[in-house]
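User: I want to learn how to read pockets and aromatic contacts in a model. Please show me the structure and take me through them.

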Amino acid sequence: MNRVILLLSVMCVGVSSQPITENQRLFSIAVGRVQYLHLVAKKLFSDFENSLQLEDQRLLNKIASKEFCHSDNFLSPIDKHETQGSSVQKLLSVSYRLIESWEFFSRFLVASFAVRTQVTSKLSELKMGLLKLIEANQDGAGGFSESSVLQLTPYGNSELFACFKKDMHKVETYLTVAKCRLFPEANCTL
């Protein structure tokens, strides 16, 4: 799986005649990390779904589409147009808040110890990388406050997996949009 991350990071940077900047490198790593986390989230959700009886699967799909996640309280873009219209700083800040909130909840993922440990580690690495990107992309518009008050909602297994998957998809989208906006030479299509 780590080879996939490395390959994705290299592919995200793209082939360019210009040297890669530290900011581009950090973005590539961050996008690779969140793509990995999103893949893990999809697999965990799928494995959980497959462990259920057919009727329970139908019920899970109904619930998952209407699920209320703790992150729904975060002020964030709600659709494609709002995401594309958001500043890079806002996309990075929202991504940071989402990742920060999952540092706590990742401890409750019903998965093997190795998977849970790896997810927690990747979340921590991604959070540190996002903080560096936020600092590097400050446009003079005030500082970024790391601390936040999270309202922690208790989750059942289905909600936990559905919300993790949903939030990792959001972060992947936000980081990809931010990267494409900053580095148009990356040949991004949104």
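User: What is the class make-up of the lining of the largest pocket?

Analyst: One caution to begin with: this is a predicted model. The lining has 6 nonpolar, 5 polar and 5 charged residues. The largest pocket holds about 290 Å³ of space. Among its 16 lining residues, Pro 77, Ile 78, Asp 79, Thr 83 and Tyr 174 lie nearest the centre.

User: Which helix gives the most to that lining?

Analyst: α7 does, with 6 residues. α4 (80-85) and α7 (157-182) each supply at least two.

User: How is a pair of aromatic rings described?

Analyst: By the distance of the centres and the angle of the planes. A search of the whole structure finds 6 aromatic pairs. Take Phe 27 and Phe 183: their centres are 5.8 Å apart, with 75 degrees between the planes. That pair is edge-to-face.

User: What does the pair of Phe 27 and Phe 183 tie together?

Analyst: Phe 27 lies in helix α2 (residues 22-50) and Phe 183 in the segment after α7, so the pair links parts 156 residues apart in sequence. Phe 27 is buried, at 0% relative accessible area. Phe 183 is buried too, at 10%.

User: Why is the pair of Phe 104 and Phe 108 edge-to-face?

Analyst: Their planes stand at 65 degrees, with ring centres 5.3 Å apart. Planes over 60 degrees apart count as edge-to-face. Phe 104 is partly exposed, at 27% relative accessibility. Phe 108 is also partly exposed, at 46%.

User: Which residues form one aromatic cluster?

Analyst: Trp 102, Phe 104, Phe 105, Phe 108 and Phe 164.

User: Where does Lys 122 lie?

Analyst: Over the face of Tyr 36, at 5.8 Å from the ring centre.

Conventions:
Residues numbered from 1 in each chain as written. Predicted model: local features only at pLDDT ≥ 70, side-chain atom pairs only at ≥ 80, totals over all residues. Heavy atoms only, no water. 1 Å grid on protein atoms, 1.4 Å probe; cavity = no way out; pocket = protein on both sides within 12 Å on 5 of 7 lines; lining within 4 Å. Points joined across faces, edges and corners; volume = space filled by probe spheres on them. Helix = DSSP H or I, 4+ residues; strand = E, 2+ residues; numbered from the N terminus. Nonpolar A, V, L, I, M, F, W, Y, C, P; charged D, E, K, R; others polar. Phe/Tyr/Trp six-rings, centres within 6.5 Å; stacked < 30°, edge-to-face > 60°. Buried < 20%, exposed > 50% of the residue type's maximum accessible area, 1.4 Å probe, protein only. Lys NZ or Arg CZ within 6 Å of the ring centre and 35° of its normal.
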